[in-house]
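Please keep the sequence and the structure in view while reading the points below.

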Amino acid sequence: MPEISGLGVYVHVPFCASRCGFCVFYKEPPTRPAMERYLQCLRKEWQRKEGQGAGADTLFFGGGTPGVLTPHDFVRVTEALGIGITWQPREWTVEFSPSTVKREKLTILHELGATRISLGVQSFDECTLVALGRRQTTQQSLRAYELLREFSFSVNLDMMFHIPGQSLSSWMADLRMAVALGPDHISTYCLTGECGTPVGDGLHESWSLSGEKFYRQTWNFLRDKGFEHYEISNFARDGHRCQHNCNTWRMGEWLGLGPSAASQCRGRRFRNVDDLALWAQMEEQGLAAEEDIVFLTKFLLLQDRMIFGLRTADGFDECLLSRAEELGVADCGKLFQRWQEMGFVKKFAGNICPTERGMLVHDTLALEILSQSTFPFVSNT
Ligand code: SF4
């Protein structure tokens, strides 16, 4: 698929049948009354926003677990958003956990025009699944994948590494199994061990934060298997990059719907409240339940295009350095020159791109960009 750039729509489905031990996302138990109210308010939010997202290139149903929706629920969301009536996204991803994959859901999503399924496998090792607090079995993941392949979806497998008790060889066995299935895309996430989660709070001191050896082996292995390493955590077969995420890394626009969904559009960045009842109550009154509102400035977007660009193999257009200097950031070029000499970035086809070393220390580079006192990022220019 050619690169898509522009507007994306993100629908947050905030329901999970169980709570994984590492998860910090907002979610609620999937009771029918709560889901009914959610579906009605999603329609209201879309109408209140006057269908701003209609015509978007990409649509992403994330969560939570969108897979807990019934086939009829998927039809209702689609109708509420006017999909297939006023617009049809070119890429439409739906996240599923393996236990929620059912033929009738896939059939209806395929008919409605969904193009991509992201399957939350995390691991094929039963002990690792227990350590993560996942309520699924390896058998369920394999069966779910088999079902997905009966349809013409582009398929992503979400995998997770650097989990307590997981050895490097166990992780590589997981990756070999993932590759052997033949997915179009693999996302590999390093456990971050968030405080306040059962997994994060139970981490032993010997668990190191960096996971560098996992990263290096993962990157080498998946590249050798023919996957394009196009973002720190993401690998694609030719033509299967996730365009929705690419648009966010390029600092395009996206409209978020549902509790806790983030948006960046019409000059603002904000998030809906992490509270289904409050979000629904506000939408029932025709009001927005938004928080963390930031008004976008040229500086803020420039800064974020650099920071997020350095997560991706494509990097960012070199002309951003001169734009930064036009906006008064005198030392921007010097900073990147220094990083080039240190082997963190390289110039390629008119872009500043991260090297493998640069990707490994991305957080440090991002902090340095943020801490540049010469960057007047808070200006409203
Ligand atoms: S299914 Fe996903 S969103 Fe739900 S608790 Fe597990 S990791 Fe979190």
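**Confidence in the model**

Over residues 376-381 pLDDT stays under 50, and the model has 14 contacts beyond four places in sequence for this stretch. Where pLDDT is low, the predicted coordinates should not be read in detail. The model as a whole is predicted; the mean pLDDT of the chain is 92, and 94% of its residues reach 70 or more.

**Aromatic rings and charges**

- The search of the whole structure finds 15 aromatic pairs.
- F316 and F336 form an edge-to-face aromatic pair, with 5.4 Å from centre to centre and 80° between the planes.
- Because F316 lies in strand β13 (residues 316-317) and F336 in helix α13 (residues 332-341), this pair ties together parts that are 20 residues apart in sequence.
- Both F316 and F336 are buried.
- One aromatic cluster is formed by F161, W171, F214, Y215 and W219.
- Two arginines have their charged ends over phenylalanine rings: R237 sits over F227, 3.9 Å from the ring centre, and R268 sits over F270, 4.3 Å from the ring centre.

**The second largest pocket**

- The second largest pocket holds about 270 Å³ of space.
- Its lining consists of 14 residues, and those nearest the centre of the pocket are R250, T312, D314, G315 and F316.
- Helices α9 (243-249) and α11 (298-309) and strand β13 each supply at least two residues of the lining.

- H12 is found in strand β1 (residues 7-13).
- H12 has a relative accessible area of 4%, under the 20% limit, so the residue counts as buried.
- Beyond its neighbours within four places in sequence, H12 is in contact with Y26, Y38, G62, G63, G64, L257, G258, P259, S260 and A261.
- L69 is placed in the loop between β2 (58-63) and α2 (71-80).
- L69 is also buried, because its relative accessibility of 1% falls under the 20% limit.
- The C-alpha atoms of L69 and V13 are separated by 8.5 Å, although these residues are 56 residues apart along the chain.
- V13 is also among the contacts of L69 when neighbours within four places in sequence are left aside; the others are M35, F74, V77 and K105.

**Backbone features**

- The peptide bond from G63 to G64 is cis, with omega near 20°.
- G64 lies in the loop between β2 and α2, and both G63 and G64 are in contact with H12.
- M251 is not a glycine, yet has a positive phi of about 60°.
- M251 is found in the loop between α9 and β9 (253-257), and at 12% relative accessibility this residue counts as buried.
- D292 is not a glycine either, and has a positive phi of about 50°.
- D292 is found in strand β12 (residues 290-295), where the residue is partly exposed, with a relative accessible area of 49%.

Note on methods. Residues are numbered from 1 along each chain as its sequence is written. This is a predicted model: local features need pLDDT of at least 70, side-chain atom pairs count only at pLDDT 80 or more; totals for chains, interfaces and linings use all residues. Side-chain values use heavy atoms; hydrogens and water are left out. Rings of Phe, Tyr and Trp (its six-membered ring) pair if their centres lie within 6.5 Å; planes under 30 degrees apart count as stacked, over 60 as edge-to-face and the rest as tilted. Helices (H or I, at least four residues) and strands (E, at least two) are DSSP runs, numbered from the N terminus. Buried means under 20% relative accessible area, exposed over 50%, partly exposed in between (1.4 Å probe, protein chains only). A charge sits over a ring if NZ of Lys or CZ of Arg is within 6 Å of the ring centre and within 35 degrees of the ring normal. pLDDT is the predictor's confidence in each residue, from 0 to 100. Contact means heavy atoms within 4.5 Å. On a 1 Å grid over the protein atoms alone, a cavity is a set of points where a 1.4 Å probe fits but cannot get out, and a pocket is an open set with protein on both sides within 12 Å along at least five of seven lines; lining residues have an atom within 4 Å of a point. Grid points are joined across faces, edges and corners, and a volume is the space filled by probe spheres set on the points.
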